[in-house]
Amino acid sequence: IAATQPSTNWHLKENAREHHTSKFSSEELIVRRGQAFTITFNGTERPEQNLIFITETGPKPSKATKTLATFDISSTVSKEGWSAVLQSSSSSSVSISISSPQNAVIGRYRLSVQSGTSSPATLGTFVLLFNPWSSGDDVFMPNNAECEEYVLEEFGIIFAGNKNHINSFGWNFGQFQGDILSICLSILDRSLYYRQDPVTDVSHRHDPRYLGRVLSAMVNANDDQGVVLGNWSGKYEGGKNPTSWTGSGEILQSWKKSGFKPVKYGQCWVFAAVLTTVLRCLGIPTRTITNFSSAHDADGNLRVDEYYDADGNHLERGADSVWNFHVWNESWFTRNDLGPSYSGWQILDATPQEESGGIYQCGPASRHAIKEGEVDLDYDGPFVFAEVNADCMYWNYDSATGKKTLIFSKSTEIGDSISTKAVGRDDRVDVTRDYKYEEGSAKERDIFKKARKKLGLEDKFDPTAPKLKEIEQKPDISGKFKVAGSLEVGKDLNLLLVLENLQSDAKTVNVNMTAWSTLYTRRRVNQIWKDSISVTLAPKEEKQFPIKIKYPEYQQQLTTDKTIQVTALCHVEDGIQVLVKRNITLDNPGIDIQVLGEAKVNKEVVVEVAFTNPIDTEVKDCVLQVEGSDLLQGVLELSIPPLKASEKSSTKFKLIPSEAGPKHLLVNFSCDKFPDIKTFKMVNVIN
């Protein structure tokens, strides 16, 4: 056998069909663990005589670390280890069915065969992945439609905006495109865990819990020169604005092409989307989750403190913050370390917010444990629990004296409309109830107390806790901002400040109002507007005060997140202050996609994208960016001439679809006045 190198038929098509790996475009065999695959090879004399197979993975394969296996031909599949069963043989070739154990290490393997006393001959390499279709796998997902969505679907919808105004955009995960699988495997080989101890790291790669944690660290660039560099400054020179990406493929390819230098720049949804691509690629069912009014509790006291000055300006004080939304991941696997009730969806977060175990990684935290307040269970329970449950304290801070006064506290502010894409449909599903009991219910408060107790927070004297009389003092007035009219970039912003006197005597109120452009993390960037009014409210009277912020006033100041925070700090004579605030997300104007004719495999089809300039000035630097798995290779970029006021542009380009079925085309249109207008269209490709 050593004399002639055997030639191997990997039966790529048949094996891929059996193993749900047909979507990979690879010349290499890609199979899932715990399931048999068939190969045929020749060049062996009397083949079924004492053949021994060798599979090995990692830098120093050994039986002790389960990265090396030797096995001969048996009549049945082994329950425990690797096994080979003879399918058929002739004088020149032999067909073998090889099975891997259900808890095998995943990754790229070398397969060799040895006959008698001769030295082993290499048959080639193959890649082994997790198997959510196999009931013995840690990632087993019994519902087939969920496997299709959370492992095989390359298109996703990410929810954003704010809790009063949820919007969404498409994303091309593209986990089966080109060499994404090889890039995902190289991410594992560049982690700190691998660099410190490659042998142990590879031996842990059978465990989705371990890989989820490692990848949550590797998708961000902190600590380890990982994939994406975060930037929340509002200035994105030297890289791409986080809102401009439309898929993970371009990011992962750039990381590889640059010699593994972090890709600039990402924010939460970019980290979550890239992690979804990597985990789905490896076979772990994964989805993105958006949490609205998401707390970043930096000091671990399950409380978020926000500070305002006398003019109502939101101050950058303390490390706590509340984001309009935050996107993380859920992956599906068992928690043998915690017990059966904690299995199922596990929270992973690749956005670098706080260190865990000395590096920026987060999770897996069992979603069930979070709902039940079991914050002491691995991993990062307190941080995740706070993201959806923290209490909010609003303070007035006087920088001259350093004195802070509690304005009010709220326990129902955080963790709203927690959202994910529906299975098999382009709709939003609300999963808030899977994270917590009904807001304001006794059960929800009990769980909050339980979590505080587990963290040792319940009995400690809290020097910042306001004295009871301050809390008991009820405000004399209430206030809110109402939106009057549309919330669109390019149009004036019309709001109403509604103030109501709750008392039976008249009240005089001095109101200081400000509007700032912010990032989606509510970080202030530019002041847009300020005003102050003095009003007298008759007993029980409600008054409305119209506010108009004109487009030219905010146009230069707006960030690409298109978010504005409006606050009114109401100083009531002889009463306590009342803070009224609202976070507003503006919508972009629309773009329209038309597919002109039928989309057929390997046939050209023309697509038309139309945009009308809605404002009365010219827009320039117009660029159209298009991508879509199985519709076109990579990302298409087209420059568009400037558009005069109210002018309509129409751009045509060709697609050549490579695979039949429902595919999604993603379009991103940018110009100097409207960055990153996104839309997507489902294209049904026929054979």
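1. A residue is called buried when its relative accessible area is under 20%, exposed when over 50%, and partly exposed in between (1.4 Å probe, protein chains only). At 3% relative accessibility, Lys 436 is therefore buried. This is a predicted model, in which local features need pLDDT of at least 70 and side-chain atom pairs count only at pLDDT 80 or more, while totals for chains, interfaces and linings use all residues. Residues are numbered from 1 along each chain as its sequence is written, and side-chain values use heavy atoms, leaving out hydrogens and water.

2. Lys 436 sits in the loop between helix H11 (432–435) and helix H12 (442–454). Helices here are DSSP runs (H or I, at least four residues), numbered from the N terminus. A polar atom of the Lys 436 side chain lies 2.8 Å from the backbone oxygen of Val 388. Apart from neighbours within four places in sequence, Lys 436 is in contact (heavy atoms within 4.5 Å) with Lys 371, Val 388, Asn 389, Ile 414 and Gly 415.

3. Asp 207 is in the loop between helix H5 (198–203) and helix H6 (208–218). Asp 207 has a relative accessible area of 14%, so this residue is buried too. The Asp 207 side chain reaches the backbone nitrogen of Arg 209 at 2.9 Å.

4. A nonpolar core is a set of buried Ala, Val, Leu, Ile, Met, Phe, Trp, Tyr and Cys residues joined through side-chain atoms within 4.5 Å. The largest one has 69 residues, and Val 274 is one of those with the most contacts inside it. Helix H8 (residues 268–282) gives the largest share of this core, twelve residues. Apart from it lies another core of 58 residues, including Leu 487 and Leu 632.

Key:
Helix = DSSP H or I, 4+ residues; strand = E, 2+ residues; numbered from the N terminus. Polar contact = N/O pair within 3.5 Å; in protein donor to acceptor, adjacent residues only side chain to side chain.
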